[in-house]
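Please keep the sequence and the structure in view while reading.

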Amino acid sequence: MEGIIIREYQQEDWTRLIEIHDNSRIIELQFAGLRDAFIPLAEAAFKEGLFDYTLCVALVKGKVIGFVAYSEDELAWLYVDPLYNCKGVGKCMVKYVIENTYKRPLCVEVLEKNEPAIHLYKSMGFETINICSGVMPGNELFNVTVLCMERL
């Protein structure tokens, strides 16, 4: 998809981030058989420290269509409006994070059965280094298994 612009998050983006996360997160959790573990972004952002990360949004024609949150060595959040899936938005945001972080390896954790996300990260040079199980951050009532992936 052409014309994708990445910029820093602004407060007026919040409502759109909620829409994107809540619609995408349900799909992500369904892949892992964890639909009942859903927590809306209005709650998850604070439980899981969204604003502790560098937060950027992806725009097309001025409309926010995705967001990414990262630190020096971790890509922690990446969500794309489902209407824009498979159009290169996720790749554009991952590329942005790779270009704007310098500590290596760059890490990401992906729910074990989230094949679209696993495929995206593999296509961007990430490799699975470990498989970990534990409780879901922000919703500790649910057990999860994640692929711990790294990009050198």
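**The sheet and its surroundings**

Four strands, in the order β1-β2-β3-β4, make up an open sheet with antiparallel pairing. Helices (H or I, at least four residues) and strands (E, at least two) are DSSP runs, numbered from the N terminus, and two strands pair if DSSP finds at least two bridges between them. β1 (4-8) and β4 stand at the edges with a single partner strand each, so one side of each has no neighbour in the sheet. On average, neighbouring strands of this sheet are turned by 25° against each other, direction ignored; the axes behind this angle are lines fitted to C-alpha atoms, for helices over the stretch in contact, and angles run from 0 to 180 degrees between N-to-C directions.

The model is predicted: local features need pLDDT of at least 70 and side-chain atom pairs count only at pLDDT 80 or more, while totals for chains, interfaces and linings use all residues. Residues are numbered from 1 along each chain as its sequence is written, and side-chain values use heavy atoms, with hydrogens and water left out.

Within the sheet, β2 and β3 run antiparallel and are joined by 7 bridges. Leu55 stands opposite Ala69 in β3, and Cys56 has Val68 of β3 as its bridge partner. Another 5 bridges join β3 to β4, also an antiparallel pair, and here Tyr70 has Leu75 in β4 as its bridge partner. A hairpin of 4 residues connects β3 to β4. Because 7 of its 8 residues are buried, β3 is largely enclosed by the rest of the structure; buried means under 20% relative accessible area, exposed over 50%, and partly exposed in between (1.4 Å probe, protein chains only).

Some backbone features deserve attention. Most residues other than glycine have a negative phi, and most peptide bonds are trans. Lys61, in the loop between β2 (54-60) and β3 (63-70), has a positive phi of about 50° although it is not a glycine. At 83% relative accessibility, Lys61 is exposed. Cys86, in the loop between β4 and α3, likewise has a positive phi, near 60°, and is exposed at 87% relative accessibility. The peptide bond from Arg104 to Pro105 is cis, with omega near 5°, and Pro105 lies in the loop between α3 and β5.

The cysteines come next. A disulfide is a pair of cysteine sulfur atoms within 2.5 Å, and by this rule the count is 0. The sulfur of Cys132 is 3.2 Å from its closest cysteine sulfur, in Cys148, which is too far for a bond. For Cys92 the closest cysteine sulfur is in Cys56, at 11 Å, again too far for a bond. Cys132 is partly exposed at 27%, as is Cys92 at 24% relative accessibility.

Finally, the largest pocket has a volume of about 1200 Å³. Among its 47 lining residues, those closest to its centre are Glu28, Leu78, Tyr79, Asn114 and Ala117. A pocket here is an open set of points on a 1 Å grid over the protein atoms alone where a 1.4 Å probe fits, with protein on both sides within 12 Å along at least five of seven lines; lining residues have an atom within 4 Å of a point. Grid points are joined across faces, edges and corners, and the volume is the space filled by probe spheres set on the points.
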